[in-house]
Every structure is written in structure tokens, then in C-alpha cells.
Amino acid sequence: MRKNFPLILTLLGGAAGFGLRKWQLTAGFEPDTRLPIPGAPSAMLLIALSILVAVGVFLLIWSGKGSAPVDVAFSAARDNSLFLTAIVLSGFLLLLSTGFELLSFSAVYGANVGEDANQVSRVASMVLPPLRILFCVAGLPCAVLWARKLYRGKEAREQLPLLELCLLFCLWLITDYQVRASDPIIMDYVFEVFAIALSLLGLYYIAGWSFQAGKPRRTIFFCLMGSFFSLVTLADAHSYADLCRFGFSILFLSAHAALLLHRPPYTEDETGASDAETEAE
């Protein structure tokens, strides 16, 4: 049960943060100008909660150092139906986000750049949204292929599907910045940016286990904080496509954090042999 404390803290903190964000949106901004009210209790409590959750997660996972091969680190996924269900559901949320994107595509395509924008911004506004839709479509098979490897206990090194998910969130972060850059009120979108950026870092460190030596504490921390801020920003006025992607972050990152929290002990002797190999000898 103690191994689940970081995950429980994150989910409960995210639910509390969702409520505080709703309170802030209704009472923390001036009704006429929509400027944030200085010293609003809702904003102060939400900032304090975010810091407390981050510090709490950091302290709870601090002792869990030590890398391991990807098959050992995520061995808790083998024959784990709950993990497989969470990942498949998260993949379907990406596919659902594609449908919502396509419904509104013609209305918003190229509309996020003003007349005074430079040529690079204009090209980016025309190219990046279709790419984001394409990567969302590919997100479902990529998530399922990765989860199937772990579920069946197969070799999971150098898995390109993980890189596709990282690229998807890179595109999302860039396109989100294009929309939000002209908004001078940072409090309108700061939790949204935190959610996307930390989710991207979580995906990056998950991919690190497949392509190189994994970093357990960093992976767990960024996965859980990405889930926390995704829960918080669900209170904001997002498009249905964005809500689906935040749902993907919560399910996908929380599931992988749970696996790493339950990973078996793994050590290597001076010759580089693992403890499992030593026992077999």
C-alpha cells in the first residue's frame, strides 16, 4: 500500500486542484476585465496545493533510485489487465480527440495567426494542425503496440511508438503556444501549459527506458505531475479534443507511474550481471 502513496497523493491532489481551479474561475477574476484578482484565496490555495503535491511526490519517491532494464522496470505490466485497459482507453481518447479536431478543423484552420505575423508563423499555423491530427490518429495503435509488449512480457527495447507520442505532445505544446501567446493574462492558461509540458517530459522519460538507462525518480515525478496538472486544467474551458488529450495524459502517465512504483528490486554486480542472473548461476 505504501508504494501507492505517491499515486494516491497525486490523484487526490488533482481532484482538490480541480475544485480550487473551478472556484478561481468563478471568483478569482474581475467580472468586467477578466483580470486576476490579486491575492484571491482560490489562487493562493491552488498555488500552495501545487507546491505541496510536488514536494510530497518528490519526498515519497526519493528513496526509489536505481535503474533497471525496461523489461524489469515495467514487469508489473505482465498479464496486468488493469494496465492494458487503461492504456487502450487512453489510446481511444486520442482517437476521439481526432474526431473532435476534424469537426472544427475548417473553422480554426489558419485562424490563430494575425495579419502582422511573419511568414514562418503563417506556415506553422497551416502545417502543424494537420500534423497534430495525423499524430493523434496514430496515437491509438502506438499506445496499444507499446502496452502489448509490456503485457506479454516481450522485448521492449527501442520502441518507436513511444517517440510518436512524444512528438504528438511536442506538436500540441507548439500549437497551444501559438494560440495562447497573444493572451497577456498568464493565469488564464498557466495550468494548461504546465499539464502539456510535464506530460511531455513524462513521455520523454518513459521512452528513455526503452532507448537507454531509465531514470525512475524523474520518470515517476514527471508522470505524476503531468497527471496532476491535467486533472487541474480539466476545470478550464477547453475544446473537446483537448479534454480527450488531457484524459490520455492522466490514464497513460498514471498507469506507467504505478508500474514503476511496483518495480522489483534490481542490482548489478561489478561484472555487470544482474541479481537475477547471479541467482541462476
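Visitor: Where does Phe58 lie?
Guide: Phe58 lies in helix H2. Please keep in mind throughout that this is a predicted model.

Visitor: Is Phe58 buried, exposed or partly exposed?
Guide: Its relative accessibility is 39%, so Phe58 counts as partly exposed.

Visitor: Which residues make the nonpolar surface patch?
Guide: The patch is made by Met44, Ile47, Ile51, Val55, Phe58, Leu59 and Trp62, and has an area of about 690 Å². As background, nonpolar side chains in soluble globular proteins tend to be buried together.

Visitor: Let us step back to the fold. How many helices and strands are there?
Guide: The chain has ten helices and zero strands. Among contacts with a separation of 6 or more, 79% are between residues 24 or more positions apart.

Visitor: Start with H1, then. How far does H1 reach?
Guide: H1 covers residues 5-27, which is 23 residues, and spans 32 Å from its first C-alpha to its last. That is close to the 33 Å expected at 1.5 Å a residue.

Visitor: Which residues of H1 are buried?
Guide: The buried residues in H1 are Pro6, Leu7, Thr10, Gly13, Gly14, Gly17, Leu20, Arg21 and Gln24.

Visitor: What covers the buried residues of H1?
Guide: The cover includes helix H2 (41-61), helix H7 (190-211), helix H8 (216-233) and helix H9 (240-261).

Visitor: What about Leu11, buried or partly exposed?
Guide: Leu11, which also lies in H1, is partly exposed, with a relative accessible area of 36%.

Visitor: What does Leu11 touch?
Guide: Leaving aside residues up to four places away in sequence, Leu11 touches Leu231 and Ser254. Leu11 and Leu231 are 220 residues apart along the chain, yet their C-alpha atoms are separated by 8.0 Å.

Visitor: H8 came up as cover. How many of its residues are buried?
Guide: In H8, 15 of the 18 residues are buried, so this helix is largely enclosed by the rest of the structure. H8 reaches 26 Å from its first C-alpha to its last, close to the 26 Å expected at 1.5 Å a residue.

Visitor: Moving to charges: how many salt bridges are there?
Guide: The count comes to five salt bridges. One of them joins the side chains of Arg21 and Asp236, at 2.7 Å from N to O. Arg21 is in helix H1 and Asp236 is in the loop between H8 and H9, so the pair ties together parts that are 215 residues apart in sequence.

Visitor: Are Arg21 and Asp236 buried or exposed?
Guide: Arg21 counts as buried, at 0% relative accessibility. Asp236 also counts as buried, at 9%.

Visitor: What does Arg132 pair with?
Guide: Arg132 forms a salt bridge with Glu101, and their closest N and O atoms are 2.9 Å apart. This pair links distant parts of the chain, with Arg132 in helix H5 (residues 119-152) and Glu101 in helix H4 (residues 81-108), 31 residues apart. Arg132 and Glu101 are buried.

Visitor: And Arg245, which residue is its partner?
Guide: Arg245 forms a salt bridge with Asp242, the closest N and O atoms being 2.6 Å apart. The two are three residues apart in helix H9, so about one helical turn separates them. Both Arg245 and Asp242 are buried. Salt bridges that share partners join Glu101, Arg132, Asp242 and Arg245 into one network.

Visitor: Last topic, the largest nonpolar core. Which residues touch the most other members?
Guide: In this core of 59 residues, those are Phe74, Phe83, Trp146, Phe169 and Phe252. H7 gives the most to this core, with eleven residues.

Visitor: What does Phe74 touch?
Guide: Not counting residues up to four places away in sequence, Phe74 touches Trp146, Leu150, Trp209, His256, Leu259 and Leu260.

Methods
Residues numbered from 1 in each chain as written. Predicted model: local features only at pLDDT ≥ 70, side-chain atom pairs only at ≥ 80, totals over all residues. Heavy atoms only, no water. Helix = DSSP H or I, 4+ residues; strand = E, 2+ residues; numbered from the N terminus. Expected span 1.5 Å × (residues − 1). Buried < 20%, exposed > 50% of the residue type's maximum accessible area, 1.4 Å probe, protein only. Contact = heavy atoms within 4.5 Å. Patch = residues over 30% accessible without salt bridge, like charges linked within 9 Å, V, L, I, M, F, W, Y side chains within 5 Å. Areas by Shrake-Rupley, 256 points an atom, 1.4 Å probe, with all protein chains shown as cover. Salt bridge = Lys/Arg side-chain N within 4 Å of Asp/Glu carboxyl O. Core = buried A, V, L, I, M, F, W, Y, C linked by side-chain atoms within 4.5 Å.
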